[in-house]
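Student: I would like to go through this structure by asking about it piece by piece. Please show it first.

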Amino acid sequence: MYPDLPLRPIPTNLITGFLGVGKTTAIRDLAARRPPHERWAILVNEYGEVGLDQAMIEGSGDAGLAVSEIAGGCFCCSMEMPLDWTLDALIRTAKPHRIVIEPTGLGHPARVLDHLRGSHFKDILDVRTTICLADPRDFENERISKSPVFQDQLHLADIVVINKTDVVAPELVAQFRDHVQKELFPAKLLVTTTQQGRLEHEWLDWRTDEVRTPLFPEAHPAHQHLATTELVSLQMMQPTQHLTPGRPIRYPATNDPSDHCGWIFSPEDVFNQDALLDMLGGGFSVRRIKGVFQVTGTWIQFNRTGFEMSVQPTSYRRDSRLEVILDHTSRRWDEFESELLRCLVTHQ
Ligand SMILES: Nc1nc2c(ncn2[C@@H]2O[C@H](COP(=O)(O)OP(=O)(O)OP(=O)(O)O)[C@@H](O)[C@H]2O)c(=O)[nH]1
Ligand SMILES: [Mg+2]
């Protein structure tokens, strides 16, 4: 099927973990340190309608990376068709030496792993270690730690890497590490700590005969399923309308519009960086904000998880876009959009 692939089957890894734990950071860093002769393909799945992780990875400007995105739901729920199409196309066009897949932070890895190991990809992919990144503060938050998705992300991982140890209390890191080492079976190949998602390349190819089965195999909320008609939005969201400066296109979530929302702005829109950071970093409660923005003189990527924020330069230039996931609150998106518009230095 893929006659001129350099290697077959293609080593493939899943990097899992809850919302905002550092999956994309880890994948960017791993890919940047890959063996120089290797082309990698990266497939990211985004919960929101406006995909950002592809922009965040492509923002590194690395020509040896092919990145595809499936946005608008978890592919653990939407499943086989979009995953097959996107992965088939990625393999055909990129002919990668390795594939790394990032499911959404709200995604359950069981069905994805089963599918990647199933008949469609049997002779094409060699599914190797699954690495779950974790932030021990999620373990402390019962709403998250008791959720089937969080538990099975840990349960199905071959390796668990505790990230963000620079900002998490050492006692909490130790407590979480104990939990993973002593209470989860079969035992992990490795439980370790890191910062900035730094993973070792050799971990990707460690072998195990353990069969890890999910605790909650049916944990796929029906409202997250994608209808076939939504498949148009599966590649990185490209605006279907012409983008007018000062008039962004809004993409409310199809399943729960009060809970999360995305916007794409014209590439001509320029933001005042200070005003934008004040606005997005405001005191309101969010689970996650991700965005790429043109600000005066440059482009930046913005990340917020809870009240933690970071801003980095990016080489992404296509448009300004953002995605907001609230934390059990709701917001008037009209007001939110007006506040965003007030941060524009152009077209007011
Ligand atoms: N303090 C700190 N921040 C980190 C660390 N690793 C990643 N981050 C930050 O955490 C935020 C989220 O990182 P991402 O890599 O986008 O997380 P993700 O898991 O891909 O997020 P989703 O795809 O939205 O689930 C970013 O602002 C990162 O810069 C770390 O070790 N310490
Ligand atoms: Mg990500």
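Student: In which segment does Val 345 lie?

Tutor: This is a predicted model, in which local features need pLDDT of at least 70, side-chain atom pairs count only at pLDDT 80 or more, and totals for chains, interfaces and linings use all residues. Residues are numbered from 1 along each chain as its sequence is written, while chains are lettered from A and ligands numbered from 1 in the order in which they are written. Helices (H or I, at least four residues) and strands (E, at least two) are DSSP runs, numbered from the N terminus. On that numbering, Val 345 lies in the segment after helix 11 (333–342).

Student: Is Val 345 buried, exposed or partly exposed?

Tutor: A residue is buried if 20 or more other C-beta atoms lie within 10 Å of its own, exposed if 12 or fewer, and partly exposed in between, with C-beta atoms placed from the backbone. Val 345 has 15 other C-beta atoms within 10 Å, so Val 345 is partly exposed.

Student: Which residues does Val 345 touch, not counting residues up to four places away in sequence?

Tutor: Two residues are in contact if their C-beta atoms, placed from the backbone, lie within 7 Å. Val 295 is 50 residues from Val 345 along the chain, and their C-alpha atoms are separated by 8.6 Å. With residues up to four places away left out, Val 345 touches Val 270, Phe 271, Asn 272 and Thr 296.

Student: What is the strand order of the open sheet of seven strands?

Tutor: Two strands pair if DSSP finds at least two bridges between them. The pairing in this open sheet of seven strands is parallel, and the order is 3-2-4-1-5-6-7.

Student: Which strands stand at the edges of that sheet?

Tutor: An edge strand here has a single partner strand, so one side is left without a neighbour in the sheet. That applies to strand 3 (65–71) and strand 7 (190–193).

Student: Which residue stands opposite Trp 40 in strand 3?

Tutor: Strand 2 (residues 40–46) is joined to strand 3 by seven bridges in the parallel sense. In strand 3, Trp 40 stands opposite Leu 65.

Student: Why is strand 5 called largely enclosed by the rest of the structure?

Tutor: Strand 5 (125–134) pairs with strand 1 in the parallel sense over six bridges, with Thr 12 opposite Val 127. Four bridges join strand 5 to strand 6 (residues 159–162), also parallel, and Ile 131 has Ile 159 as its bridge partner. Strand 5 is largely enclosed because of its buried residues, which number eight of the 10.

Student: At about what angle does helix 1 run to strand 4?

Tutor: Axes are lines fitted to C-alpha atoms, for helices over the stretch in contact, and angles run from 0 to 180 degrees between N-to-C directions. Helix 1 lies across strand 1 (10–16), strand 2, strand 3, strand 4 (98–102) and strand 5. The angle of helix 1 to strand 4 is about 165°.

Student: Which element gives the most residues to the shell around ligand 1?

Tutor: A residue is near a molecule if its C-beta atom, placed from the backbone, lies within 6 Å of it. The shell around ligand 1 has 22 residues, the closest being Gly 22, Thr 24, Thr 25, Gly 105 and Asn 303. Two or more residues each come from helix 1 (23–32), strand 10 (286–295) and strand 11 (298–305). With three residues, the element that gives the most is helix 1.

Student: How many residues of helix 8 are buried?

Tutor: The buried residues of helix 8 (residues 148–155) are Val 149, Phe 150, Asp 152, Gln 153, Leu 154 and His 155. The helix is mostly covered, and of its eight residues the buried ones number six.

Student: What is omega for the peptide bond from Phe 185 to Pro 186?

Tutor: Pro 186 is in the loop between helix 9 (170–183) and strand 7. The bond from Phe 185 to Pro 186 is cis, with omega near -5°.

Student: What is phi of Gln 196?

Tutor: Gln 196 is in the loop between strand 7 and strand 8 (249–252). Gln 196 is exposed, with 12 other C-beta atoms within 10 Å. Its phi is positive although the residue is not a glycine, with a value near 50°.
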